[in-house]
Amino acid sequence: MAQLNLYSYGANVGSYEKYPDDSIIYDIRNEHTEHVKIPEGRTQTGLDESFRKKLFKNENFANLLHDYKNNIVDMISSAKTNSTINIVIMCHRGQHRSVSIVEELYEYFKNNEKIEVRKEHLSMD
C-alpha cells in the first residue's frame, strides 16, 4: 500500500527542513481570504470546521481544493506499492489556509483503500 503524507506549512515561521526533500509543494501564499473574517486574536484556525466552511465558500479556494484532489488521485493511480507521496500546502503562517486544505484532503482520502494517509501541521502554534 502506498503512503500519502500531507503537510501544512507556514513559510514565514518555519524551516524548510521540516518536510521531506521529495515533497510536491502547493504554494498558496498568493491566495487571499478577504471574505473570511479571522477573529481578533486569531484564535480560530484551519482546524475549526466553521472556518473551513467559510473558506471553501470562496470559489478560488473551492477550485484549488478540487484541483489538488484530482492531482493527488492521479498520483495515487500511478503510484507503485510501498511508494510515498509527500504533499506540502504552503501559506504564510501555516495556521489557516494550508491547515484547512490539509484537513479537507485528509478527510477526502482517509478511507481510500489504495493508500494510507497521514497529516501533520508543521507550523501550528
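**A walk from a ring to the sheet**

The charged end of Lys-119 sits over the ring of Tyr-106, 4.6 Å from its centre. Here, a charge sits over a ring if NZ of Lys or CZ of Arg is within 6 Å of the ring centre and within 35 degrees of the ring normal. The model is predicted: local features need pLDDT of at least 70, side-chain atom pairs count only at pLDDT 80 or more, and totals for chains, interfaces and linings use all residues. Residues are numbered from 1 along each chain as its sequence is written, and side-chain values use heavy atoms, with hydrogens and water left out.

S1 and S4 pair in the parallel sense over 7 bridges. Strands (E, at least two residues) and helices (H or I, at least four) are DSSP runs, numbered from the N terminus. Two strands pair if DSSP finds at least two bridges between them.

The open sheet has 4 strands in the order S2-S3-S1-S4, with parallel pairing. S2 and S4 (115-121) stand at the edges with a single partner strand each, so one side of each has no neighbour in the sheet. From one strand to the next, the twist averages 20 degrees. Helix H2 (residues 59-78) packs on the sheet and touches S1, S2, S3 and S4. Its direction makes about 165 degrees with that of S3. Contact means heavy atoms within 4.5 Å. Axes are lines fitted to C-alpha atoms, for helices over the stretch in contact, and angles run from 0 to 180 degrees between N-to-C directions.

Now look at S3 (residues 84-91), which holds Asn-86. Asn-86 is buried at 5% relative accessibility. Buried means under 20% relative accessible area, exposed over 50%, and partly exposed in between (1.4 Å probe, protein chains only). Asn-86 touches several residues, among them Tyr-7, Pro-20 and Asp-22, not counting residues up to four places away in sequence.

Aromatic pairs come next. There are 3 of them. Rings of Phe, Tyr and Trp (its six-membered ring) pair if their centres lie within 6.5 Å; planes under 30 degrees apart count as stacked, over 60 as edge-to-face and the rest as tilted. Tyr-9 and Tyr-19 have ring centres 5.2 Å apart and planes at 80 degrees, so this pair is edge-to-face. Tyr-9 lies in S1 (residues 2-10) and Tyr-19 in the loop between S1 and S2 (24-27), so the pair ties together parts 10 residues apart in sequence. Tyr-9 is buried, at 0% relative accessibility.
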